[in-house]
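Please look through the structure shown here before reading on. The text below takes a few places in turn.

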Amino acid sequence: MIDSSGAAELLDQGYRVVERVATVDADFDVQGHLNNAAVARIFNDNRVHYVRGRIGPQWGEHLRSERLVVAAREVHLLYESEGFPGESFLAAMRYVVREGKAAVLEQRLVEADTGRAIARGWVVQLLVRDGTVIDWPDSYFERVAAIEGRTIEQRPRPQRTWGPA
């Protein structure tokens, strides 16, 4: 377990998967701030590490053998404060809910020593075979429940109207 104020803050908020983030010089823009694109990459890497490190390699094998693709249908980022060179960062993620065939997860990026919020992310993931969205296997979310210490609620897909009236 990571011992820092940032890790304690994330654990208090219910995140059970928290990991250190390695940044490189290219992650910072000419203003000396953590670049928005770097945050998007950090969150993507965080999701990949969650699956590879916790769900396990059998999931990747299943994706290949069944010709499946995990697709990010929506990615929403909220930037809360600036990150600076020399700071250490922690990323966390958790699954929130299953809505219809979609899996919704949240992510956080904080400064490790203080827990200062850098960014939040919300992602809607779909499982796709040959261009068609399919249901996630129950075994995937059984593993997620074991990791997260709780069952991920499954509810019907909400009816949303997008765009202007």
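This is a predicted model: local features need pLDDT of at least 70, side-chain atom pairs count only at pLDDT 80 or more; totals for chains, interfaces and linings use all residues.

A pair of aromatic rings is described by the distance of the centres and the angle of the planes. The model holds eight aromatic pairs. In one of them, the ring centres of Tyr95 and Phe141 lie 5.3 Å apart with the planes at 85°, so this pair is edge-to-face. It connects distant parts of the chain, since Tyr95 belongs to strand E3 (residues 89–99) and Phe141 to helix H4 (residues 138–148), 46 residues apart. Phe141 also pairs with Trp136, again edge-to-face, at 5.7 Å centre to centre and 75° between the planes. Tyr95 has a relative accessibility of 1% and is therefore buried. Phe141, at 5%, is buried, and Trp136 is buried at 4%. These residues belong to one aromatic cluster, made up of Tyr50, Trp59, Tyr95, Trp136, Tyr140 and Phe141.

His33 sits in the loop between strand E1 (17–21) and helix H2 (36–55). Leaving aside residues up to four places away in sequence, His33 touches Asp27, Phe28, Glu82, Gly83 and Phe84.

The surface has a nonpolar patch formed by Val75, Leu77 and Tyr79, which together have about 230 Å² of accessible area. Val75 is part of strand E2 (residues 68–79). With a relative accessible area of 45%, Val75 is partly exposed.

Note on methods. Residues are numbered from 1 along each chain as its sequence is written. Side-chain values use heavy atoms; hydrogens and water are left out. Patches are made of residues with over 30% relative accessible area and no salt bridge: like charges are joined within 9 Å, nonpolar side chains (Val, Leu, Ile, Met, Phe, Trp, Tyr) within 5 Å. Accessible areas come from the Shrake-Rupley method with a 1.4 Å probe; for residues, only the protein chains shown count as cover. A salt bridge is a side-chain nitrogen of Lys or Arg within 4 Å of a carboxyl oxygen of Asp or Glu. Helices (H or I, at least four residues) and strands (E, at least two) are DSSP runs, numbered from the N terminus. Buried means under 20% relative accessible area, exposed over 50%, partly exposed in between (1.4 Å probe, protein chains only). Contact means heavy atoms within 4.5 Å. Rings of Phe, Tyr and Trp (its six-membered ring) pair if their centres lie within 6.5 Å; planes under 30 degrees apart count as stacked, over 60 as edge-to-face and the rest as tilted.
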